[in-house]
Amino acid sequence: MDLDFQKLLLTLLPDLVVVVALFAALGVDYSRLRGAALAKRYETAYRISALGLFAGLVMAVLQACGKMCVMDAAATAGQLKLTTNTLTLKTALFALALAVLPLAKRDLVTTHASEYFALILLATLGMGFVVTSQNLLGAFVALELVSLSLYAMTALNQSRAASGEAALKYLTFGAVSSGFLLFGLSYLYGATGELNLANLPQLESTSLLIAAYLLIFVGLGFKLALAPFHLWAPDVYQAAPTPVAGWIGSGSKIAAAALLLVLLQPVANSPELKKALVLALAALAVASMLVGNLGALRQTNLKRLLAYSAIANAGYLLVGVLAFDSPITDKANGNQSVLFYILVYSIASLGAFAVISVLADRLGRDAEISDFNGCWKAIPGLSIAFMIFLLSMAGIPPLAGFLGKFYLFLAAISALPEAASLDQGFYWLIAFALMMSVVSLYYYLRVLKAFLVVTDEDGEAKQVPVGIADRISIFALAAIIVALGLWPEPLLGLLQN
Amino acid sequence: MTTTTLALIPLLPLLAAAVTSLMRDGKRASIVAIAALLGSCLLSLIAFNEAWAMAANDAPKLFNVPWLELGKTKINFGFVLNPLTGAMAAMVTFVGSLIFIYSAGYMAQDKRMARFFCYLSLFASGMLGVVLANSLILFFMCWEIVGVASYLLISFWNHKPEAAAAGKKAFIVTRIGDIGFLIGILLAFKVSGTLDFYTKGGTGILEQNLTSHMAFGYQAATVISFLLFIGAVGKSGQLPLHVWLPDAMEGPTPVSALIHAATMVAAGVFLVARTYQLFDDGGTLPLVTWVGAITALVAAFIALGQYDLKRILAYSTVSQLGLMMVGIGVAGVSVGMFHLLTHAFFKALLFLGAGSIIHGCHEEQDIRKMGGLAKPMPFTTIAYLCGTAALVAFPFTSGFFSKDEILMGAWANDRGAFWIATLASLLTALYMTRQCMYVFRGTHRGEHAPHESPPIMTVPLLILSVFALGLGALVKNSLMEHLHPFKNPPTEHEMIVIVISVLVALGGIVLGFMIYRGQVLGQAADPLALKPFERKFWFDEIYEATVGQLWTLFIIISEQLNELLVFIRDLAVELASRIGNGFSIGGDRKLIDSLAFDGMCARLRCAGRTVTRPQNGFLPGYLRLIALGTVLLGALVLWTR
């Protein structure tokens, strides 16, 4: 097959710039800064990678706007799908990664300064390819790139023994799940003889295909932290460096959710198959909501609590996923509602982790909820931002999380419009999800109570220095949450196919 | 004009409000606020110029932005540009700018000056939103912003109990009207399925014919326009909801000029003009005419008996707003809006002049303690007399032209309203002459020597004077041509109407002059300040005696009812406590507390322990769960197939 390499180079320019930045960060750190102070090495690596990522982001935005050579299918031989929709996701991932970088610089958790940043960039690159890939193998390899980078990053917290342990668990767990995913993908290939998702033939409801999709659900269920494949999440969230936990909880979730949706699209034309799979998805959704929300109730550690909240939110997400082709407005359907939700959730989750990393890591503490008592007095601005993030996750209007949930449930309601009675359709699932949302308020408000109501008993000054970059990224995330809650149309429009 | 530039007109002051809310320094805040409003004034003039190039019946320029989409229903925000909105926006920003500049001088000594300009900017932004809105919902939102801002401004000196009370009164009374307005909006939405005034496809509320729909057994257009009119009555201080407006004079004087002359009170009239098609279709115009006419007359009578400089002007405003309603009712949008525009200029002038007088007399507002101000305050006096001339419709001032149109329309369409309006005009001339005699003639009766105000206050006055005198003749023809045309255009100018209106104006002045010429002002009893006028026809007392008494009655009744209930309760309690004891132990404590709610919560927490049990930290267990999960998932699918 002939590839026009010049064209290929142009279309992959955003990624190439990031790769160059990645190597530049490593190279400078190894050569010029050998033996320099750790803080200086962090600063340099941060600057180089932030610059590269920003350049990549600008180019990705230009591509998404159609201002820069966007590929036709021929340029990558159909490997990638570059539409407004996928490019928007990629842009969002790059932008979120840009918010992670200053947080990573805050806390000198490891002596591997440049590797830390390089791994973040690698994970970001992988995510970008996952959301744009159109090839089963390509998507899998990209997903592995993400996973491997994240495993390594989890181990970076050198001050804690638990960090290494969590990384090992994560790795083992992930390896097994990847096996399942690859198994599923190979069944899919075996049944259809096609690796390119765009060319998949009409699927029939055979046992082989059902098995393929179930295995895929298991594999991606690990990435999304769906119960019962969630067990790694609390340990990893707690032990990994906080920015890494934030990146695991946001970027990789977006990539996995987007991949799940892409893999599900061919099912839309096969009602039999869809019906079989939808039930499995519903079961996973119920299990996740149950485990996530109930498990979060008794957590005393804020990061673990957020891990369980992530499990619960993945459950809500599946409510939308199983209604992926049902309309919510005249233009958007379940796909958009899922992507909207996962984006909004990721922003809020990353924001929450950002606040935690600013506050807790400086105190050298383990982010117990009680550590945050009386933060309101010391840092009112960040406390308000934190409140916005948590309330958005809980789905309180007018924040974006509310609209996200609203669209998900709207999609699920219209999934079976002809069977809109109480026992059919997904009313029972939505009722369950709403009930669980009420339960979730309890633990979110418990955290906010510590932040905003309880006064600090030991009287220790919680004043922490907050850098300008941290401040910008946190407040920008909070502003986006509020803005999307008030005016969701533009994003919803961008996510359309 | 694009969406952005048009949207900037209300957004600039909003931005200024946001910025000034963070500022402490009053002077800087005033500069920010004035600059923002001058900016939107410039944009408004450009927009006005563009709108004026359109013919009367051209389709308006629309800028709709989708805001919310729920299922099939779309709610738009949007702005509309046509001659009506263009002219109104230009007037509001122009008069507003002058008032802002004046305020910078007037409030210079106030500690909370920055806050004052924040509120002023918020108000201006809301008002411009009202003017330019292309949907009822945006109109209503901005209308409410205006309401809140005026509440804040009226009670700005909240250390004075009267000011705080006046703010509350204004808020509550206008809220009564707003309820009607809101119901009207909802009804309009139900009937027409849209909230936009105009749409690109011609399906807006004002473009549909709503007469075929029914609501509550009447034509939908009738009911909707009636409900909207209730909102207009509240905001524009028409009878019987006028009581808040005179009390609102407790606010700083520039506020009175901004809110109670040029902008906010005109919003009600503007609402009627904006939705004129609905009133026309629904046949509610006679109601508008007569409410306006009666308001004009009653308020003019009350103004005769007042001694507070600003209260006289307040009642005069109520009276003039009534005349505008008459104008719209009998002769259409153009006539009512013409008077609205001229009135905005000369009443703003009068209020700012009154502010200058009060300032010069060391915060004295009682006209009995003024007098002889012509000499120490020459500029203010000239400006004030110009405003007075326009208000009493002295020939060839702007008030003369606009009032003449109203009378002409009334003569052609409604003779009853014509005579009432004529009488109100006579009274207008009378009370203004009385006021001027008190204030400017004779010797000063106050304690401190009066002094002229600084140029930052007098210059806006003189600018406004020019407009008060000349605007009418200048814009009359083009206004009539561009706004909604006459309902029933009079075939020719009736000479008799002009003659009557001139006679009434001059007669009132001469009459007032004759009555007060020989009086020793401020000491002897005032011959015209009859008891009913002075006590404002006992409106407050009547409300106190009716609505207030009604509440008292309710209280008494409910107290008696309470007594009865207490008796029954005691009886029932004895009975119930025996049954209840049984239930409380068996039902409440056991069933509800320990089983249902508390039990549920405890169980949820317990369940938390159960579901996290696999989370034991041991990797083999974790991996086993993956396998188990996969098998279960497969079993589920197999089982249901």
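Mentor: Two residues are in contact if their C-beta atoms, placed from the backbone, lie within 7 Å. The model is predicted, with local features needing pLDDT of at least 70 and side-chain atom pairs pLDDT 80 or more, whereas totals for chains, interfaces and linings use all residues. Residues are numbered from 1 along each chain as its sequence is written, while chains are lettered from A and ligands numbered from 1 in the order in which they are written.

Where chains A and B touch, chain A contributes 28 residues and chain B 25 residues. On the side of chain A, two or more residues come from each of α7 (161–192), α8 (207–224), α9 (232–239) and α11 (271–297); helices are DSSP runs (H or I, at least four residues), numbered from the N terminus. The most, nine residues, come from α11(A). By type, this side of chain A has 21 nonpolar residues, four polar and three charged (Ala, Val, Leu, Ile, Met, Phe, Trp, Tyr, Cys and Pro count as nonpolar, Asp, Glu, Lys and Arg as charged, and the others, Gly among them, as polar).

Within chain B, helices α13 (residues 309–331) and α17 (residues 415–440) pack with their axes 11 Å apart, at an angle of about 155°. The pair α13(B) and α17(B) is therefore roughly antiparallel, a label for angles over 145 degrees. Residues making this contact include Leu323(B) and Val326(B) of α13(B), and Ala421(B) and Ala424(B) of α17(B). Eight residues of the contact of α13(B) with α17(B) are nonpolar, four are polar and none is charged. Ala421(B) also touches Ala293(B) and Ile406(B), among others.

Conventions: Axes fitted to C-alpha atoms, helices over the stretch in contact; angles between N-to-C directions. Parallel < 35°, antiparallel > 145°, perpendicular 65-115°, else oblique. Lists of a residue's contacts leave out its neighbours within four places in sequence.
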